[in-house]
Amino acid sequence: MGVVNVTPDSFFDGNRHFSTADAVAHAEQLLAEGADILDIGGESTRPGALPVALDEELRRVIPVVEALAGRVRISIDTMKPEVARAAVAAGASLINDVTASLAPVAAETGVGIVLMHMCGTPQTMQEQPQYVDVVSEVIDFLNERAGAARALGVTELYVDPGIGFGKTTEHNIALLRALPELVAQGTPVLVGTSRKRFLGEISSFVPGQILPPEERLEGSLATATFAMSCGVSIVRVHDVRATMQAALLMDALAGVSGGLR
Ligand code: HH2
């Protein structure tokens, strides 16, 4: 899943392709690089991000969805039911729901959904995230949300531990280590580590120094590859070309045909 943020303030690609034309061109580039799904978002969820008004979010994402519809599977990354509905009407077939609350919209429109765990809201989530046992709390939450979505009639579901969403570096690592356990719950799993802060913290050679997002590709690839080896179904990434190279190698090692071509 390739990330297309049509925002001025996303933590990595904010303002890189904020106009409709630039966003569509970027999406086409990710498509050419091998993305199976493009995740279009018009509101940043980085810690402390300012909320975006409904009209503005629609203005950002809907023309991009319309321009790509029919050429690739489109996912809409939104916290607003109105945006999810409008994006599905424009051609999206997956709702990327970081609030894990939009299953009624997926049920009503007949599309798939990603249910993500977040502790708090983007405004507050990194203040002091606390868990007794992060792994069991996240898994219990996702199982409960997936069950509720199924009860509403949603048939295509993914769960996501929400790396970086109200989690410390230790929480993120614990959740990544627990991916086999999450996969074993039976609902397909999506993971997004791409360019996130904890990678800059762990991969830095200088103690106390955090590598900036531009220097987190290596950590992104390491964690995406790890997630693939744990059996996740989707990795959400900014760097499709590099991740596809890693995925093809993983396929070859696993003996999956198509990995050697
Ligand atoms: N991470 C981000 C946004 N949406 N959705 C899911 N399901 N899982 C994630 O891990 C996830 C997500 C954050 O990344 P990005 O979109 O690049 O940044 P921003 O929220 O600043 O736009």
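These exercises, each with a worked solution, walk you through parts of a predicted model.

**Exercise 1. Work out how α1 and α2 pack, and which residues do the packing.**

Step 1: Find the helices. α1 covers residues 20-32 and α2 covers residues 54-68.

Step 2: Get the geometry. Two packed helices are described by the angle between their axes and the distance between the axes. Here the angle is about 45°, and the axes are 9 Å apart.

Step 3: Angles under 35 degrees count as roughly parallel, and 65 to 115 as roughly perpendicular. α1 and α2 are therefore oblique to each other. As for handedness, α1 passes α2 in a right-handed crossing.

Step 4: List the residues that meet. From α1 come Thr20, Ala23, Val24, Ala27 and Glu28, and from α2 come Pro63, Val64, Ala67 and Leu68. Sorted by class, the contact of α1 with α2 has 7 nonpolar residues, 1 polar and 1 charged.

**Exercise 2. Take alanine 67 and decide: buried, partly exposed or exposed?**

Step 1: Check the accessibility. Buried means under 20% relative accessible area, and exposed means over 50%. Alanine 67 comes in at 34%, so it counts as partly exposed.

Step 2: Look further along the chain. Isoleucine 210 is 143 residues away in sequence, and the C-alpha atoms of alanine 67 and isoleucine 210 are separated by 38 Å.

**Exercise 3. Now turn to the other partner of α2 in this set, α3, and describe how the two helices cross.**

Step 1: Start with the geometry. α3 is residues 81-90, and its axis comes within 9 Å of the α2 axis, with a crossing of roughly 20°. That makes the pair roughly parallel, because angles under 35 degrees count that way.

Step 2: α2 passes α3 in a right-handed crossing.

Step 3: Name the contacts. On the α2 side you have Leu54, Glu57, Leu58, Val61, Ile62, Val65 and Glu66; on the α3 side, Glu82, Val83, Ala86, Ala87 and Ala90. The contact of α2 with α3 includes 9 nonpolar and 3 charged residues, with no polar ones.

**Exercise 4. Describe the crossing of α5 and α6.**

Step 1: Locate the helices. α5 runs over residues 134-151 and α6 over residues 169-177.

Step 2: Read off the crossing. The axes come within 9 Å and cross at roughly 65°, and the crossing is right-handed.

Step 3: See who takes part. Val134, Val135 and Val138 of α5 make the contact with His171, Ala174 and Leu175 of α6. By class, the contact of α5 with α6 has 5 nonpolar residues, 1 polar and no charged ones.

**Exercise 5. Trace which side chain aspartate 239 joins by a polar contact, and look at that partner.**

Step 1: Find aspartate 239. It's in the loop between β8 (234-235) and α10 (240-254). With a relative accessible area of 17%, aspartate 239 is buried, because the cut-off is under 20%.

Step 2: Find the partner. A 2.9 Å polar contact links the side chains of aspartate 239 and arginine 195. Leaving aside neighbours within four places in sequence, aspartate 239 is in contact with Ser194, Arg195 and Leu217.

Step 3: Inspect arginine 195. This residue lies in the loop between β7 (190-191) and α8, and is buried at 6% relative accessible area. Arginine 195 also has a positive phi of about 65°, although it is not a glycine.

Step 4: Compare alanine 100. Its phi is near 50°, again a positive value in a residue other than glycine. Alanine 100 lies in the loop between β4 (94-97) and α4 (103-109), and is buried at 3%.

**Exercise 6. Find which backbone oxygens the side chain of serine 204 reaches.**

Step 1: Look in the loop between α8 (197-202) and α9 (217-229). Serine 204 is buried, with a relative accessible area of 13%.

Step 2: Follow the side chain. The side chain of serine 204 reaches the backbone oxygen of valine 206 at 3.1 Å, and that of glutamine 209 at 2.8 Å.

Step 3: Widen the view. Setting aside neighbours within four places in sequence, serine 204 is in contact with Gln209 and Leu211.

Definitions and conventions. Residues numbered from 1 in each chain as written. Predicted model: local features only at pLDDT ≥ 70, side-chain atom pairs only at ≥ 80, totals over all residues. Heavy atoms only, no water. Helix = DSSP H or I, 4+ residues; strand = E, 2+ residues; numbered from the N terminus. Buried < 20%, exposed > 50% of the residue type's maximum accessible area, 1.4 Å probe, protein only. Polar contact = N/O pair within 3.5 Å; in protein donor to acceptor, adjacent residues only side chain to side chain. Contact = heavy atoms within 4.5 Å. Axes fitted to C-alpha atoms, helices over the stretch in contact; angles between N-to-C directions. Parallel < 35°, antiparallel > 145°, perpendicular 65-115°, else oblique. Left-handed = near helix turned anticlockwise from the far one by under 90°. Nonpolar A, V, L, I, M, F, W, Y, C, P; charged D, E, K, R; others polar.
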